[in-house]
Amino acid sequence: MFLVLLVAFLILGGGAGCSPADRADLVLHNGPEPETIDPQILTGQADGRIASALFEGLTRFNPTNGLAMPGLASRWDISPDGRTYTFHLRPEARWSTGEVITADEVVWSWRRAVTPTTAADYASQFFCIRNGRAIVNGELRDASQLGAEAPDARTVRVHLENPTPYFLELVASRVFFPVPRKAIEQQGDQWIRADPLPCSGPYLLEGWRVNDRFRLRRNPRYWDADRVATERIDILSGDNPSTALNLFLKGEVDLISDRKIIPGELGPELAQRPDFQRFDYLGQDFIRFNTTRKPFQDARVRRAVAMAIDRSRITARITRMGERASAAVTPAGTGGYEPPAGLPWDPSAARALLSEAGYPGGRGFPVIEYTFNVGSRIYEQTGVEVQSMLREHLGIRVELRPLEWKTYLAEMSALNYDFIRGSWVGDYDDPMTFLDIFLSDSGNNRTGWKDSRYDRLLQTAAAEADPRRRLGILRQAETLLVEEAVPVTGLYSHVGLYAADPRKVGGIWANRMDEHPFFSMRRLRP
Amino acid sequence: MRSWIARVALIPVMLWVVATLGFFLLRAVPGGPFDRERAAASREVEAALKARYHWDEPLWRQYLRYLGNLARGDLGPSLKYRNHSVNDLLGQTVPVSLSLGAMAFGVAMGLGIPIGAVAALGRYRWADRVASLLTLVGVCIPVFVLGPFLILVAGLWLEWLPVALWGHWNHAVLPTLTLGLYFAARVSRWMREGMQEVLKSPHVQAARAKGLSETVVVVRHALPVALLPVISYAGPMLADLLTGSFVVENLFQIPGTGAFFINSFFSRDYTMMIGMILFYSLLLQVLNLGSDLLLRWVDPRIRA
């Protein structure tokens, strides 16, 4: 019996080699185990954080504001029409294994991303590059038709379909990271497990234990290695928020990088503490209406429901983190844009609309279901609140339909719902990242709503070179979306939260993109 | 002897049944591994993703492919963790769960057997009371209350032990106790009942009548028989402990298999889910067999 105990202790001690005395210089809690850290394949935020420690794009995010700054490219030129970008790679840009990172390799990596067989979910980020959409959609079989070329070993030239004001930020995002061609050609999909893994970012992958941690060490061949202040970083993976909080409170974790891994019910209280940082985040919660079946086939009914929901009650009673109540889809301030106000809270106008649609006082209105995904107190309470507001103001009976995550997604995609909770987190700081969800042919639309006027407005906006006029057209499109057709109505914009004591951890700033690059991060005192 | 061979031979059959049931039942659940919040970039991309995992083939062929791989010991790629195979994930996490389980088993037996035995002897009333209280508390307090309580007291207030993670021996103390105490309480109950029963039995009376000392009577004659109920429960109990407790591993952020039991279903990671079920079934069969063999060795009545 006690032999068993002894043996077990030996296994435990021998297997890990991560004793507390062995604490890394900086320890982060990153939330759930990443699904993959392959820059072109990954989609999750936790996944992206690891990838951005190991790899870098031609540009990288400025830690103070989330905007693009020089990365593997030291500079770039933009043609007057805003459609051609020429990036100049740094001569000192090298893989950690010693090889030079060439312009050819950058172009090869981008072709890898758009080739359908790579199965990159984020390949849509390349739609702004000439032929990107056609290749991803399988209309063009030859990925070398992508509008990106390498005129010489250190120059990458990109031809865009449209002037794209956020293109430099796109290039800083994971799916645009160059990846080591030789390793991938030799090892295929499993290249990411290669040892040593060729890295281009500030850190090297020293260890990876599933559901435990990634251990990173400073990459001496990183072009900006002198600025990297931290020698060793441990990035923990785990999905219990209370445990993450315990570790943080005990000082075993210096930074909790994701709101999802901070206990939701404590959010409003924790946000008051000096070691928790609250910020406006590029995300929005909204309600989708199923426009393909009764009663939400009728835009008047959708508008009536949108006007009967008092969003400020939801933010004041349920979310309680200072979220901005908003009936729009784009959070205010995204890319310098001011969204339309959306339909106002106006129960009497809502009642008038409902009776115009044939349901005076809610008479004859079918019982409808509000679908949401389980797992958050906020979604459930929002459902209850919506239920009571619609009963009170419109005389409509709503039943709540909580679904487990994958079932919820499947039902939403199959348009098997009446109205349903939804949310979106922007991929780049521009309203387009929210508005293109509701294009007629978008796989993320999930409302059944198709409107050629809306599609045309987004097309016109994309082709518009003048930034002010462009935002004006986008505003027109969003007005159509959230005030007239209303296949979707906003609830509130997200508030982000991360745990880091500014007296202990430096080089990290709150920004809308929630981008916290590792090259600048450091522990100020032990 | 023949019956033992038959039992061993049945193990692969049982695994095949489990794999088949798992394969088809999981496909009947709504939602699949490729239903994601963000739709794939295009239909082509989605089709390519499915083709990669042979989802473009008819179900029967996928099943045969799965069985074929299984026969070679390959549990397939994880459908969620794209850089890992199921074998790889189990290979990384099983040793962790095994060591935690073994330690908790040690606590369960190491505490449960003496406490139960002493309580049954009834020589000390206080011992009986303490044992009953421990047993009651151990059985009644669920792991998800005991764990946070231990973390709060020993981790956050007294700062004696780490609140989570896995690596150093001191990481193991709280999770081992959390997981082990409940089973210790159950073992002590089985032990106490077994012992009380045995002490009344004729062979113990006979031993006493021979004039043997009470210690010899208890240790040589009563204890082996009193252990029988404990041994017969030990197999399934060990299987429970070794496959990792989701609650304890999640609470202490221990990189064992426990997380996959729950999460692989929620993420519809079918291959991982079936891998877990197979692993659990196999362990259960082997340990049941083991505890039956042990019983046979300890208890001459079974051999007859």
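This is a predicted model: local features need pLDDT of at least 70, side-chain atom pairs count only at pLDDT 80 or more; totals for chains, interfaces and linings use all residues.
## Basis of the model

Local features need pLDDT of at least 70, side-chain atom pairs count only at pLDDT 80 or more, and totals for chains, interfaces and linings use all residues. Residues are numbered from 1 along each chain as its sequence is written, while chains are lettered from A and ligands numbered from 1 in the order in which they are written.

## Chain A: overall form

Chain A has 16 helices and 19 strands. Helices (H or I, at least four residues) and strands (E, at least two) are DSSP runs, numbered from the N terminus. The radius of gyration of chain A is 25 Å, close to the 24 Å that the globule rule gives for 526 residues, so chain A is as compact as a globular protein of that length. That radius is taken over C-alpha atoms, and the rule is 2.2 Å times the number of residues to the power 0.38. The C-alpha trace spans about 75 × 70 × 40 Å along its principal axes.

Buried residues make up 53% of the 526 in chain A. A residue is buried if 20 or more other C-beta atoms, placed from the backbone, lie within 10 Å of its own. Of the contacts in chain A with a separation of 6 or more, 68% join residues 24 or more positions apart. A contact needs C-beta atoms, placed from the backbone, within 7 Å.

## Chain A: domains

The domain assignment gives chain A domain 1 (2-53 + 201-275 + 500-523), domain 2 (56-186) and domain 3 (281-495). These bounds come from an automatic or database assignment. The centres of domain 2 and domain 3 of chain A, taken over C-alpha atoms, are 34 Å apart.

In chain A, 11 residues of domain 2 are in contact with nine residues of domain 3. The domain 2 side of this contact divides into four nonpolar, five polar and two charged residues. Here Ala, Val, Leu, Ile, Met, Phe, Trp, Tyr, Cys and Pro count as nonpolar, Asp, Glu, Lys and Arg as charged, and the others, Gly among them, as polar.

## Chain B: a helical chain

Chain B has 14 helices and zero strands. Its C-alpha atoms fill a box of roughly 85 × 60 × 30 Å along the principal axes. Of its 304 residues, 42% are buried. Residues 24 or more positions apart account for 72% of the chain B contacts with a separation of 6 or more.

## The A–B interface

In chain B, 50 residues are in contact with 55 residues of chain A. Helix 2 (43-52), helix 4 (86-121), helix 6 (143-157), helix 11 (246-251) and helix 12 (258-266) of chain B each supply at least two residues to the chain B side. Helix 4 of chain B gives the largest share, 11 residues. The chain B side divides into 27 nonpolar, 14 polar and nine charged residues.

## Helix 12 of chain B

Which residues of helix 12 of chain B are buried? They are B:G258, B:A259, B:F260, B:F261 and B:S264. Their cover includes helix 4, helix 11 and helix 13 of chain B. Just after helix 12, B:R268 takes a positive phi of about 55°.

Helix 12 and helix 13 (residues 270-298) of chain B pack at about 145°, with axes 8 Å apart. Axes are lines fitted to C-alpha atoms over the stretch in contact, and angles run from 0 to 180 degrees between N-to-C directions. B:F260, B:F261, B:S264 and B:F265 in helix 12 meet B:M272, B:M273 and B:M276 in helix 13. The residues of this contact divide into six nonpolar, one polar and no charged.

Terms used
A residue is buried if 20 or more other C-beta atoms lie within 10 Å of its own, exposed if 12 or fewer, and partly exposed in between; C-beta atoms are placed from the backbone. Two residues are in contact if their C-beta atoms, placed from the backbone, lie within 7 Å.
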